[in-house]
Every structure is written in structure tokens, then in C-alpha cells.
Amino acid sequence: MSSYVGELFSLHGRTALVTGGSSGIGQAIATALGRAGAAVVIVARRPAELAAAVRTLQEQGVRAAAVSADLGDRADVARVCAEAPRHFGDIDILVNDAANNIRRPMGDLTTDDYDRTIAVNLTAPYLLGQHFGPRMAARGHGRIINIGSQQSISAFGDSGAYGVSKAAVCGLTRSQAEAWSAHGVTSNTIIPGFVLTPLTAPAQAVPGRVEALAARSMTGRNGVPDDFAGIAVFLAGDASAYVTGQAICVDGGFSVH
Ligand SMILES: NC(=O)c1ccc[n+]([C@@H]2O[C@H](COP(=O)([O-])OP(=O)(O)OC[C@H]3O[C@@H](n4cnc5c(N)ncnc54)[C@H](OP(=O)(O)O)[C@@H]3O)[C@@H](O)[C@H]2O)c1
């Protein structure tokens, strides 16, 4: 890497916390940040998947560790706040990727569905931001990257609570940006299109759906987790210092087609 590109994009000396870092988009982002030089702590529930993801990161030369936690549980979120910095020091880059998507017609959603959705998809990002944001601001540097959805900006059938949570994530991003950008902490939302991951397995199982969604994008294909590597490194590094409060679509043109 030339020194110029390194100055813009290197994450050496930084520590990232990536929720959902054991699968899909979060795993690709954790890998990208790690390969750009950051030490990485990943968070998810299933220990075996976490251990495998940590091994894969370490095989690529990344300093990596994991915290197993259910982000739908506030006590677990508090434990993540306490435990994550013990591995490689203060968190400089917070990526809120973990989410669930309970797919039911709007009228069939239960209050429990709603609570579980909001807890993982919105409250956990809020609480992690409330913990790490002020600490980043006090140090004069930080990056928060929240993951939205097409449902941040438009409706999709049969996942209404998810849509509520993902629209709110954009508001959370703006509030975080407003609070801490003057102290060197940016917050931005990445808005994926349709990405082939375990989360979208139910949609992928519907005959013709994958092809129809690919055709709706301008690129003519659906997303893959590696499509999020570049934007994550950009938003985590010094090159994006003047980009804050934004929702950035990384969707092959899906949202504008
Ligand atoms: N795939 C798409 O098409 C798409 C489109 C738009 C937005 N997104 C967003 O992109 C992000 C990643 O999605 P993905 O498709 O990459 O999903 P994925 O492959 O299913 O990965 C989800 C990750 O979140 C973790 N997770 C889920 N619930 C959790 C909980 N309660 N506590 C802790 N960790 C939890 C999972 O691990 P455990 O199950 O072990 O906990 C896993 O590591 C999400 O925010 C999603 O809404 C995805």
C-alpha cells in the first residue's frame, strides 16, 4: 500500500467492535477492517460460529477476539461494553450489524415480535452508541457505522417491525452524528440491497425471488457480503472524516431503479 493510500485508509492502531461479525455482511466487514489494520472484536450469540470466525480472521493475520452475547438482552449489552475493550483496548470503531428479521404479515405481528425486533435492531445499537460514543468523543476520534436496510427508506412486505427498526436506525445515526461529530466521531448508516446471506434464506427459498430481486438492481445481480468491504474501510478510516449523519446505499442501484 502506498503511503498516500495508507494515510487515507489504514486502520492500524484502531480497535473495532463488530456486532454480527460471525456471519454475512458483519463477517465481511470485520474481515475488511481487520485486513486494513484494525484489531477486531466480534459479537454474536453462537459460540462455535464466533470461534470459527475468529480463527478465520487470525489466519489472515488479524488480531481478533469474540464476545458471545444476546444483544436482545440489556444485561448482555452491558457485558459487551465492559468486556470488549479488555481484548485490545478502547473501541475506536463501532459497527452495529447484528439484526433479526421476523417475517410475518403486518397484521399478524405480535407485541413480542415487535419487542424482540426493536431490542436487537435498535436498542442494542443505541445502548452501544451511548456507551462508546462519549468515550470516542472524549478521545477526539471515533467511527460509528450502523447497518440499515432498504426498509430504512421504503416498505417491503411481511417484515413490518424490521422496517420500523431500520427506519429508526437512520434517525439514531443522525442523532449520534449531531452529538459527537464536532468531537471527531462520525456516524453513518450503510443501506444494503438484497444480499445473499443466512438472513435472507427465507426469501431466497421463494422460487424466482432471487432472480426478480437481481433484476430490480441496476447491476443485474444481488449483493454478496464482500460488497461491503470497501465502504466499511472508508467509513472507518480518516478518509471519511467529513462524511457524517449519512445513509449510504450500497445496493447496486436497487433503491433508485
Ligand atoms: N442480507 C440482506 O439482504 C440485508 C439487507 C439489508 C440489510 N441487512 C442488514 O445487514 C445486517 C447483517 O445481515 P446479514 O444478512 O449479514 O445477516 P446474517 O448473515 O444472518 O448475520 C447476522 C449476524 O447477527 C448475529 N445476531 C443475530 N441476532 C443476534 C442477537 N440477538 N445477539 C447477538 N448477535 C445476533 C448473528 O449471530 P448469532 O445468530 O450467532 O447471534 C450473525 O452473526 C443486518 O443488520 C441486516 O438487517 C441485510
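## Ground rules

Helices (H or I, at least four residues) and strands (E, at least two) are DSSP runs, numbered from the N terminus. Please keep in mind that this is a predicted model, in which local features need pLDDT of at least 70, side-chain atom pairs count only at pLDDT 80 or more, and totals for chains, interfaces and linings use all residues. Residues are numbered from 1 along each chain as its sequence is written, and side-chain values use heavy atoms, with hydrogens and water left out.

## A loop residue with a positive phi

Let us start with Asp 158, which is found in the loop between strand 5 (142-147) and helix 6. Asp 158 is not a glycine, yet its phi is positive, at about 60°. Most residues other than glycine have a negative phi. Asp 158 counts as partly exposed because its relative accessibility is 44% (buried means under 20% relative accessible area, exposed over 50%, partly exposed in between, with a 1.4 Å probe and protein chains only).

## The ligand and its shell

The shell around the ligand holds 28 residues, of which Ser 23, Asp 97, Tyr 162, Val 195 and Thr 197 come nearest (a residue is near a molecule if one of its heavy atoms lies within 4 Å of it). Helix 2 (24-35) and helix 6 (160-180) each supply at least two residues of this shell.

A polar side-chain atom of Thr 197 is 2.4 Å from a ligand oxygen, and one of Arg 46 is 2.7 Å from a ligand oxygen. Gly 20 takes part through a backbone N or O atom, 3.3 Å from an oxygen of the ligand. On its own the ligand has 880 Å² of accessible area, and the protein covers 95% of that (areas come from the Shrake-Rupley method with a 1.4 Å probe; for residues, only the protein chains shown count as cover).

Asn 121 belongs to helix 5 (residues 111-139) and counts as buried because its relative accessibility is 2%. Its side chain makes a polar contact of 3.2 Å with the side chain of Ser 165 (a pair of N or O atoms within 3.5 Å; within protein, one must be able to donate a hydrogen and the other to accept it, and residues adjacent in sequence count only if both atoms are side-chain atoms). A polar side-chain atom of Asn 121 also lies 2.9 Å from the backbone oxygen of Asn 100.

Gly 129 is in helix 5 too, and is buried because its relative accessible area is 0%. Gly 129 and Cys 81 are 48 residues apart in sequence, with 9.9 Å between their C-alpha atoms.
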